[in-house]
Amino acid sequence: MIQFFKKLVKSQLAIPLFALLLVIVFNVIRDIGFFSLNITTNNDGNIVLTGNIISILNGASELAILAIGMTLVTAAARGQDISVGAATAIAGSVFVRVLRENEITMVVILFAFLAACLVAILFGAFNGTLVSVFKIQAMIASLILFTAGRPIAYWINGGATPTVESPLLGYIGSFIPGIPIPTPIIIVVVFGTIVSLVLKFTNLGLYTQAVGINEKSARLNGINAVLMKLLTFMILGVCVAIAGCINVSRIGLINHETILLDIEMDAILAVAIGGNALSGGKFSLIGSVIGAYIIQALTITLYAMKVASTDVKAFKAIVIIAIVVIGSPTVKKFAVQLRDKLFKRRKKMTEITENL
Amino acid sequence: MIRKRGLNNETPGIKKKEPISSISLLLTITISTFVAMYVIAMIVWGGGFLNPQQFLDIFNNNAFLIVLACGLTVVMIAAGIDISVGGITALVTMACVVYLDDKGGSVIGSMAMALGIGLAFGLFQGFLIAYLDIQPFIVTLAGMFFAKGMTTIVSVAPRTATNEAFMAIKNFRIVIPGIGSYGKAGNFIPARIEPGVIVALVVVAAIFVVLKWTRFGRNLYAVGGNHQSARMLGINVKRTKFFSYLLCGLLAGIGGYVYLLHTGAGNASNATAAEMQAIASAIIGGSLLTGGVGSVIGTLFGVLSLKTISNIVIASGLREPYWQSITTGLMLCFFILLQSVILAVREKGGIITMLPRWLIPKGRKTADNEQ
């Protein structure tokens, strides 16, 4: 048991788990009712689970999916894509446009999703090409799409904020009849499992880390670094398409100006809170997903404490700083030194007393 | 020695060309692109572009952006990034308006407050980044969140300043003698600039001097270029980084006050996305995010280019706001690719080395083959 804890403290997941624990303990002290789960019947007559935990898991779905893609990009390209928010606007617009031009059936939704995927992968490949072939830093390369992305989304739907309505979309955005858990949560679990299985059973995960840790030696070992980086950006494109489609299905309309605004910052934050180095290399997908849930839990907690939605950012910033300060290498080193000092002194004391 | 060098220079027949440095090359490209763009705009659209007031209005409207971009240039030269400047600008405008109107503060007091807010952010962020080794992106992102949240905590509703002494300074205009345009009635209207422009130009000059002729400025380039070798040369890397963020925070405070002098209003949505515009200006001006390269004069022309493009888009009849963003994106794309190609050609000996292997004609030497 002690061995297990020692291993956990040293592992990459120490910081995200500690932060999650902190949020949970804070809520237990504040109000135990925060965690209550209720079974109710919603407007469509389905039996559904409600409660703060469900709304945290549900609300963080888009963020968790984007965090998965962002982790891979961070690991391979040693930089972050800041255009994911703009790209979700584009993918969502394509989704809505295809849906509006056809009668909505399950096949059309699938087709619309594939179209959104294709467009998002193309834009991902654009960023990826700039980063891998032209050796431009990811943040700078994605600054182009960050600036131009939402206007492109505006152009796709001719400047309107169109709505789409269909019970079939409700199945994706909220509940499938008979299943009490919101569908976005299930999508995150399924997608996360698929990605981790792919990483486990192919060389993708290993090669991504290799490129991120040392690009030159990866290349000398026969890994195509350019292709690997491009591939991670295209995977992020798929994540963007899924996130965009979930969000559109959830709210039933697309507003290119406000859809998933500032999500790129939150996604990068989730990666960092997940204990991943933003300078690339080793990564942990589960850490990033936990990071995404921590961010959402923090927001919901602040809302529950009746903090105004505009002021939430300031408190969020304080918590983020606290987490990264605790996780910073300098503070860790200092803590270890302090512990050694105290420990040695106690040892000396016991020796002295024994001698006496 | 001196004689010998003199003789060398006079050696007939051999003219040794000094290769132009990367900084100067990128600077030359930026300035010449801006001049070419403006001259073409003058010829094609004439009208407003021939009016000196419109040129000066670029300065009037974007003085704060020039100040912010100067700060970012300093940080980017030291291989860092600061995305909190836009948030600090919004916080400074709101705090100063509330202080001036509700608390009956003086103008001097509000100026001190702007500088204090900027310095406090710079101090804290610099400490976390330089001494605790936390990633600058995360720290300044949190800084941005904090500044924006604090702005709405100070006041959710937008505020407009009414303080008389402040309004006197805000409405003060500096007339430039000899330059101006003729109005419809044939009367001469002299060109005017706002006090913020003077502040911005002084900041540009000061940062130029700091970067070129002080030890701190040279240390910045050394740290940004290669922090390991900078440490081996005996440069205090941590202190240099710390002071770069401190300077950037201070400039963000000044930029916030300049913004307030231009609009006279405090609003949580002030200077939205200003940090990205400032970063874009610095990039167009030839700074590299990898550090070690950049100049503040280039940044100034970066801001001017960015805003001239907006003016051209409006003049050419594309009035929808999204065209501006798209052209800005295209322009960024052009400059980023240009820089990448130029640097690759200069450092590796040819554009060919940048292409992936399957695009390279057979038998050509590539960077991969050499290693």
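**Exercise 1.** How many residues lie between β2(B) and β3(B) in the hairpin, and which residue in the turn has a positive phi?

*Solution.* The model is predicted.
- Step 1: Find the two strands, β2 (residues 174-182) of chain B and β3 (residues 188-193) of chain B.
- Step 2: The hairpin that they form has 5 residues between the strands.
- Step 3: In the turn, the residue with a positive phi is B:Gly186, at about 85°.

**Exercise 2.** Where does helix α3 of chain B bend, and what follows the helix?

*Solution.* 
- Step 1: Helix α3 of chain B covers residues 52-77.
- Step 2: The bend is at B:Asn62 and amounts to about 70°.
- Step 3: After α3(B) comes B:Ala79, with a positive phi near 65°.

**Exercise 3.** Describe the side of chain B that touches chain A.

*Solution.* 
- Step 1: In chain B, 39 residues are in contact with 41 residues of chain A.
- Step 2: At least two residues of this side come from each of α5 (107-131), α6 (136-154), α12 (274-284) and α14 (321-348) of chain B.
- Step 3: The most is given by α6(B), with 11 residues.
- Step 4: By type, the residues of this side are 27 nonpolar, 9 polar and 3 charged.

Key: Residues numbered from 1 in each chain as written. Chains lettered and ligands numbered in written order. Predicted model: local features only at pLDDT ≥ 70, side-chain atom pairs only at ≥ 80, totals over all residues. Contact = placed C-beta atoms within 7 Å. Helix = DSSP H or I, 4+ residues; strand = E, 2+ residues; numbered from the N terminus. Nonpolar A, V, L, I, M, F, W, Y, C, P; charged D, E, K, R; others polar. Bend = angle between axes of the 7 residues up to and from the residue. Buried ≥ 20, exposed ≤ 12 C-beta atoms within 10 Å, placed from the backbone. Pairing = 2+ DSSP bridges.
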